[in-house]
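I opened this entry to keep track of what I looked up, in the order I looked it up.

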Amino acid sequence: MTRSSPPAPPVPLEDRRFDVVLFGATGFTGRLVAEYLAAHADANGVRWAIAGRNEEKLQAVRSELAARDEALHDLAIRVADSHDAAALDALVPETRVVCTTVGPYAEHGLDLARACARHGTSYCDLTGEPNFVRSVIDECHDVARATRARLVNCAGYDSIPSDLGAHMAWDHARRAHGEGLAWVKMFTGRTRGAASGGTIASALGLMDAAKKSKDVRRLLLDPHGLDPERRAGDGAPDARDGFEADQRGVRFDEDLGRWTAPFVMASINTRVVRRSHALFREDGGGYGQRFRYNEAMSFQPGPRGLVTASLVTVGLGGFFAAAALPPARRLLERFVLPSPGDGPSREAIEGGFFEMHLLAETESGRRLRGRVAGTKDPGYGETAKMLSESAMCLAKDGARLDPRFGVLTPASAMGMRLVERLRDAGMTFDVHDA
Ligand SMILES: NC(=O)c1ccc[n+]([C@@H]2O[C@H](COP(=O)([O-])OP(=O)(O)OC[C@H]3O[C@@H](n4cnc5c(N)ncnc54)[C@H](OP(=O)(O)O)[C@@H]3O)[C@@H](O)[C@H]2O)c1
C-alpha cells in the first residue's frame with residue numbers, strides 16, 4: 001500500500017490480542033529484547049508475542065525462552081517479511097505496540113512504520129539512521145496523528161540517554177526554578193561496549209546512502225534535519241556561538257574543564273534532542289526560547305587528555321576513510337567487523353557499562369549538572385532494557401503520557417514516565433543544581 005492510501009479504520013485498542021509484538025526476535029539484539037520481555041512482561045501485565053520472517057528460527061527462540069520459563073512454551077509467534085505489506089497489515093492490528101529490531105531500518109523498516117501509522121498501532125525502534133527517521137516523519141507523521149499512534153524512533157543507546165537527559169534537565173529547571181533552559185551539553189564518560197553486525201551494517205548502509213544521494217548528505221549536515229519542518233537554508237548551522245554546528249575536531253570545553261572530541265553518535269542524538277524541543281515548542285515554549293544542545297566525547301583536562309582526544313579523532317576519521325574505500329571496506333568486512341547476527345559475548349555485555357555527564361544552564365544563568373548511566377554494555381544490555389521499557393510504557397502507560405501523537409522522540413512521547421521506568425530498571429538519571 002502506498003502513502004496515498006486512506007488510513008484503515010483502526011481496530012479499537014481494547015480489542016487487540018497483544019500489548020507488544022517484538023518484530024525481529026531472531027536477530028542479535030532481538031533475542032536480548034525477547035529475554036528482557038520474558039523476564040518483565042508478566043509483572044507489567046503485558047501480553048506479548050514474537051515475530052519475524054523465519055518461523056523455524058522463531059520457534060528456536062521460543063524454545064530457548066521456554067527452557068528458562070516453561071510458561072513461554074505457548075508464547076505466540078507471527079510470521080511476516082518486512083517487505084510484505086499484506087502480512088504486515090494482518091500483524092499490526094493484532095497489537096497495541098510493535099517493537100522492532102529489524103534493521104538496517106532504511107533498508108527494511110519503512111513499510112512497518114507505515115502500517116503502524118495506518119492502523120493506529122504505536123511503534124518503537126532502535127534506528128540510528130537519520131535518513132530513515134526523516135522518511136518516517138515525512139510519510140507517517142500526519143497519518144499517525146490522525147489514528148492516534150505514537151511512533152518512536154531511536155529508543156536505544158542512540159538516543160535515549162541524550163534525549164531523556166536533556167528532557168530531565170528541562171523538567172528540573174521548570175519544577176525547581178520555574179524557568180526554561182538556555183542550553184544543555186552532554187559528554188560521554190567511562191564507557192565499555194562493542195558493536196553487533198546489524199549495527200555495523202546500518203552504519204555502512206548510511207555511508208552508502210550518503211555517497212549515492214545529495215539529499216542524504218544534506219540531511220546529515222543539517223543540525224535541524226529531524227525538526228518537524230525543515231528550516232529554510234537547510235544545512236547551514238546556526239553558528240551564533242558555535243553551539244549548533246557538529247563538533248569536528250578536538251576542543252577544550254571551558255564549561256566542563258576537559259578536552260573533548262567528536263562523538264560518533266552525536267549526528268543522530270543531537271537531531272533527536274532538537275526534534276524533542278521542536279515538538280514541545282508546538283505546544284508552548286519548548287525547552288527554552290533559544291534552546292541549544294550539543295554533545296561530545298570527554299577526556300582528562302591535562303596533556304594526556306589532549307593526546308587521547310586527538311588519537312580518538314584521528315582513529316575515527318581513519319575508520320570512516322577506510323570504510324569509504326571499496327578494497328579497505330572489503331577487508332574490514334571480511335576480517336575485522338562482525339557479520340549480521342553476530343555481536344558481543346554474554347560476558348562482554350554483562351561486563352559493559354556507560355555514563356554520560358550533563359551540563360546545563362537555565363535561561364537566568366543558573367548551572368545544572370547531571371548524569372545518565374547504565375551497568376551493562378550500552379548498545380545491547382542497556383539497549384534491550386531501554387527498548388523493552390519503551391514498548392511497555394507505550395502499551396500500558398497511555399493515561400500517564402501527554403496526549404501527543406505522530407512520529408515522536410522518546411522524550412516527546414514518554415517524557416518523565418520513561419525516566420521513572422528506567423530508574424526502576426536500574427539506570428541512573430540524575431540532575432541537580434551545580
Ligand atoms: N540504537 C542502538 O543503540 C542500537 C543497538 C543495537 C542495535 N541497533 C540496531 O538494531 C538493528 C538490528 O541489529 P542486530 O545486530 O540485532 O541485527 P541482526 O542480528 O542482523 O538482526 C536483524 C534482524 O532483522 C531480521 N530481518 C532482516 N530482514 C528482514 C526482513 N526482510 N523481514 C523480517 N525480518 C528481517 C532478521 O531476521 P533473520 O534472523 O530471519 O535473518 C533479524 O531478526 C540494526 O539496525 C542496529 O543498528 C541499534
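**Entry 1: backbone**

I started in the loop between α6 and β6, where Arg 148 is found. Its phi is near 60 degrees, a positive value in a residue other than glycine. I noted the background: most residues other than glycine have a negative phi, and most peptide bonds are trans. The model I am reading is a predicted one.

I then looked for cis peptide bonds. One joins Gly 103 and Pro 104, with omega about -5 degrees. Pro 104 lies in the loop between β4 (95–100) and α4 (105–108). Another cis bond runs from Asp 158 to Ser 159, and its omega is near 15 degrees. I placed Ser 159 in the loop between β6 (150–152) and α7 (160–177).

**Entry 2: confidence**

I checked how far the coordinates can be read. The average pLDDT of the protein is 92, and 94% of the residues score at least 70. Residues 232–237 stay under 50 in pLDDT. For that stretch the model has seven contacts beyond four places in sequence. I am leaving those contacts alone, because where pLDDT is low, the predicted coordinates should not be read in detail.

**Entry 3: two domains**

I wrote down the division of the protein: domain 1 covers 13–157 + 381–424, and domain 2 covers 160–378 + 428–433. Taken over C-alpha atoms, the domain centres are 24 Å apart. In contact across the boundary are 37 residues of domain 1 and 46 residues of domain 2.

How much area do domain 1 and domain 2 bury between them? I have about 3,500 Å², with 67% of it on carbon and sulfur atoms. On the domain 1 side, Phe 28, Arg 134 and Tyr 157 lose the most area to domain 2, together 23% of what that side buries.

Next I went through the polar side of the interface. Between domain 1 and domain 2 there are three salt bridges and 15 residue pairs in polar contact, counting pairs with both residues at pLDDT 80 or more. I then asked which elements of domain 1 touch domain 2. At least two residues each come from α1 (28–40), α6 (130–147), α14 (378–396), β13 (406–408) and α15 (410–424). The largest share is that of α15, with nine residues. Sorted by class, this side of domain 1 has 18 nonpolar, eleven polar and eight charged residues.

**Entry 4: salt bridges**

I searched the whole structure and have 31 salt bridges on the list. I looked at two by name. Arg 145 and Glu 282 meet through their side chains at 3.0 Å, N to O. Arg 175 and Asp 171 also form a salt bridge between side chains, at 3.0 Å, N to O. Why are Arg 175 and Asp 171 separated by about one helical turn? The reason is that they are four residues apart in helix α7.

**Entry 5: Phe 353**

Last, I looked up Phe 353, which is in the loop between α13 (346–351) and β11 (354–362). Leaving aside neighbours within four places in sequence, I listed what Phe 353 is in contact with: Arg 190, Thr 191, Arg 192, Gly 374, Thr 375, Lys 376, Asp 377 and Pro 378. I also took a distance to Gly 370, which is 17 residues from Phe 353 along the chain. The C-alpha atoms of Phe 353 and Gly 370 are separated by 17 Å.

Note on methods: Residues are numbered from 1 along each chain as its sequence is written. Side-chain values use heavy atoms; hydrogens and water are left out. Domain bounds come from an automatic or database domain assignment. Contact means heavy atoms within 4.5 Å. Buried area is the accessible area (1.4 Å probe) that two parts lose on being put together, summed over both. A salt bridge is a side-chain nitrogen of Lys or Arg within 4 Å of a carboxyl oxygen of Asp or Glu. A polar contact is a pair of N or O atoms within 3.5 Å; within protein, one must be able to donate a hydrogen and the other to accept it, and residues adjacent in sequence count only if both atoms are side-chain atoms. Ala, Val, Leu, Ile, Met, Phe, Trp, Tyr, Cys and Pro count as nonpolar, Asp, Glu, Lys and Arg as charged, and the others, Gly among them, as polar. pLDDT is the predictor's confidence in each residue, from 0 to 100.
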